[in-house]
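Here's a quick tour to read with the model open beside you. Take it one topic at a time and find each piece as you go.

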Amino acid sequence: MSSKKEPELQQIELIKLSLPNLTQLKKQLDQEISLFQESMQTLKIAQTKYSDSQEALKKISPEVKDTRIMVPLTGSMFVRGTFKDTKRVLVDVGTGYYLKIGMDDARDFFKRKVAFVTEQMEKIQKLGMERSKAREAVMAVMEAKIAAQINSQKTVAAT
Amino acid sequence: MEELQNKLQTELDKLKDVGKQYNNAVSQRQVLDGQLHENMGVKQELELLKSDGEVYKMIGPVLVKQELNEAKQNVCKRIDYITAELKRMDDLISTLDAEQDQQREKLAKLQQQFQLQQTKAAKS
C-alpha cells in the first residue's frame, strides 16, 4: 500500500536534500530501527511466555487429578499440593483480569495470543527492513555528497 | 550584539523546553496506546467467555471474583477514558508540534540577524 511507495518517494527527494537534513533523517531512521528492535525483543519474550503456558497446559489432563505436586511459592520455596481441578484453569488476560476457563478455551486463548504476537512480529520485521533499506539509501547519498564536496574543494584548491 | 546573543540563547532554551514537552507527550501517548490495546484484548476475551466461566480481578495481592457484566462495564469505561485521554494527548502533541515549528523559525531568523551583524562587525 502506501508504505510500499515510500522508499521510492524518498529516493527521489534524497538527492535534493542537504547534508544536515540527511544527517537528521539518518538519525531519525536509526531511532526508529532501534525502537523496532526493542519491540521485537519484548514481543519475543511475550511469545515464549505464551508458548510456555501452552506447553504447561498440555501436561494437565484428567489423569493427573489428585496427583501430589510441589507448588512454588517463591523461586526457592515450595509447598505440597494436589491437583483438584483438572478441568479449568485461571488465565491472566491483562489489566488485572483473570478468567477461569475450561481447558479447551484456555488452549484456544494461548493459540490466539501466540498467533497475534507472531503476526505483530512479522509486521515489525517488515517495517524494520523497510527502514534499514531507507537508511542504506540515505547513507549512500550522504557519502556521494561528501565525496562531491571534497572533490570540489580540491578543484578550488588546484585552481 | 550581546543583546542579540542573549535573545538567541533564550529562544534556544525555549525551543529545548518545547522539545522536552513534546517528547514527554509522545511517550505518554505511547503508554496510553499500549493500555488501550491491553484493554481491547481484555474486552475481547470477556466477550468470548462462556457462561460457565468466572471472572476475577486482581486488587492488590488478592483475586476478587467479579460479575461478568460488571467486568465488561468496567473495561468499557476504561476504554472510553483511555480513548479520551489519547485524543487529549493527540491535541497536545499537535499544538506542541506547531509551537516547535514556530520556535524553530524564530530561531532561524535570529540566527540570520546574528550572522549579518557578525559579518558587518568583521568588515568595519
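This is a predicted model: local features need pLDDT of at least 70, side-chain atom pairs count only at pLDDT 80 or more; totals for chains, interfaces and linings use all residues.

Start with A:Tyr98, whose bridge partner in β1(B) is B:Tyr56.

- Four strands make up an open sheet, and their order is β3(A)-β4(A)-β1(B)-β2(B), with antiparallel pairing.
- At the edges you'll find β3 of chain A and β2 (62–66) of chain B, each of which pairs on one side only.
- Going from one strand to the next, the twist averages 35°.

**The hairpin in chain A**
- β3(A) and β4(A) run antiparallel and are joined by six bridges.
- Together they form a hairpin with two residues between them.
- Look in the turn for A:Thr95, which has a positive phi of about 45°.
- A:Tyr98 turns up again here: in β4(A), it is the bridge partner of A:Asp92.

**Where the chains touch**
- Chain A puts twelve residues into the contact, and chain B puts in 15 residues.
- On chain A's side, β3 (88–94), β4 (97–102) and α3 (103–158) each supply at least two residues.
- β4(A) gives the largest share of that side, with five residues.
- Sorted by class, chain A's side has seven nonpolar, three polar and two charged residues.

**Two helices packed in chain A**
- Helix α2 (residues 19–59) of chain A packs with α3(A) at an angle of about 160°, and their axes are 8 Å apart.
- α2(A) and α3(A) are therefore roughly antiparallel to each other, since angles over 145 degrees count that way.
- The crossing of α2(A) past α3(A) is left-handed.
- Their contact has 24 nonpolar, nine polar and eight charged residues.

**A label from the record**
- An unreviewed UniProt entry annotates residues 93–120 of chain B as "coiled-coil region".
- In this model, that span of chain B is 100% helix and 0% strand, and its end C-alpha atoms lie 40 Å apart.

Definitions and conventions. Residues are numbered from 1 along each chain as its sequence is written. Chains are lettered from A and ligands numbered from 1 in the order in which they are written. Two residues are in contact if their C-beta atoms, placed from the backbone, lie within 7 Å. Ala, Val, Leu, Ile, Met, Phe, Trp, Tyr, Cys and Pro count as nonpolar, Asp, Glu, Lys and Arg as charged, and the others, Gly among them, as polar. Two strands pair if DSSP finds at least two bridges between them. Axes are lines fitted to C-alpha atoms, for helices over the stretch in contact, and angles run from 0 to 180 degrees between N-to-C directions. Angles under 35 degrees count as roughly parallel, over 145 as roughly antiparallel, 65 to 115 as roughly perpendicular and the rest as oblique. A crossing is left-handed if the near helix is turned anticlockwise from the far one by less than a right angle, and right-handed if clockwise. UniProt positions are given in the numbering used here, feature names are shortened, and annotations may be inferred rather than shown by experiment.
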